[in-house]
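Hello,

Here is the structure we talked about. Please open it and keep it beside you as you read.

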Amino acid sequence: MSALAKALVALVAMAAVAELAAAKNHTIRWSASGNYGDWSASNAVSVGDTVVFTYGPPHTVDELPSEADYTACSFAGAVSSDSTGSTAFTFDRPGTRYFACATGSHCAGGQKVAITVSGASSQSPATPKGNSAAPMAGIAAKLALGLGVGAALLAAFS
Ligand SMILES: [Cu+2]
């Protein structure tokens with residue numbers, strides 16, 4: 001194999017790995033004195049990313065089902081609630097998700113955040129919640145394509 005072919009194969013492999021490593025982790029230090037109004041504006045979150053809330057007692061991370069509940073700090077219909085001190089969400093579809101602390105008047109005081117998740121190119125907005133197979137299939141297809149191109153380059157240069 002020529003040095004050029006090796007370099008090209010390595011380049012294709014690196015591109016495939018970069019695709020897999022593109023998901024980001026974000027950390028929100030969750031406190032009653034925090035101001036999260038513009039968090040989403042300064043933190044771009046994409047499908048596949050994970051956001052971790054870190055905090056101590058007495059805080060909670062509750063996911064609220066709607067903007068109305070978020071605005072009103074209404075926890076009656078909370079989708080989930082956690083108080084373990086480390087609450088992670090990995091977003092598998094685009095859209096806006098709403099989180100707030102259910103303790104005392106913390107939410108009304110500003111301990112709430114709306115996270116806007118932007119879609120990845122391989123992701124359809126119609127993908128049902130909880131379906132993580134679709135993006136993995138996309139990545140697998142890209143990997144296969146990358147390997148195919150690599151093999152073709154190998155054949156061309158050997
Ligand atoms: Cu709180």
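Below is what I found in it.

One caution to begin with: this is a predicted model.

Start with the copper ion. Its protein donors are His59 (ND1), Cys101 (SG), His106 (ND1) and Gln111 (OE1). They lie 2.0 to 2.2 Å from the copper ion. The angles among the four donor atoms run from 100 to 128 degrees, and the site is tetrahedral. Along the sequence, the donor residues follow the spacing H-x41-C-x4-H-x4-Q. Cys101 and Gln111 both sit in the loop between strand S7 (95-100) and strand S8 (112-118), so this pair ties together parts that are 10 residues apart in sequence. Cys101 is buried, and Gln111 is buried too.

Next, look at Thr60. It lies in the loop between S3 and S4. Is Thr60 buried or exposed? Its relative accessible area is 12%, and the cut-off for buried is under 20%. So Thr60 is buried. A polar atom of the Thr60 side chain lies 2.9 Å from the backbone nitrogen of Ala102. Further along the sequence, the contacts of Thr60 include Cys101, Ala102 and Thr103. Trp30 and Tyr55 are also among them.

Two backbone details remain. Most peptide bonds are trans, and most residues other than glycine have a negative phi. The peptide bond from Pro57 to Pro58 is cis, with omega near 10 degrees. Pro58 is in the loop between strand S3 (50-54) and strand S4 (61-64). Cys73 is not a glycine, yet its phi is positive, at about 55 degrees. Find Cys73 in the loop between helix H3 (67-72) and strand S5 (80-82).

Best wishes

Conventions: Residues are numbered from 1 along each chain as its sequence is written. This is a predicted model: local features need pLDDT of at least 70, side-chain atom pairs count only at pLDDT 80 or more; totals for chains, interfaces and linings use all residues. Side-chain values use heavy atoms; hydrogens and water are left out. Donors are N, O and S atoms within 2.8 Å of the metal (3.2 Å for Na, K and Ca); water is not among the atoms, so sites may look incomplete. Four donors count as tetrahedral if all angles lie between 85 and 135 degrees; four count as square planar and six as octahedral if opposite donors are over 155 degrees apart and all others between 65 and 115; anything else is irregular. Helices (H or I, at least four residues) and strands (E, at least two) are DSSP runs, numbered from the N terminus. Buried means under 20% relative accessible area, exposed over 50%, partly exposed in between (1.4 Å probe, protein chains only). A polar contact is a pair of N or O atoms within 3.5 Å; within protein, one must be able to donate a hydrogen and the other to accept it, and residues adjacent in sequence count only if both atoms are side-chain atoms. Contact means heavy atoms within 4.5 Å. Lists of a residue's contacts leave out its neighbours within four places in sequence.
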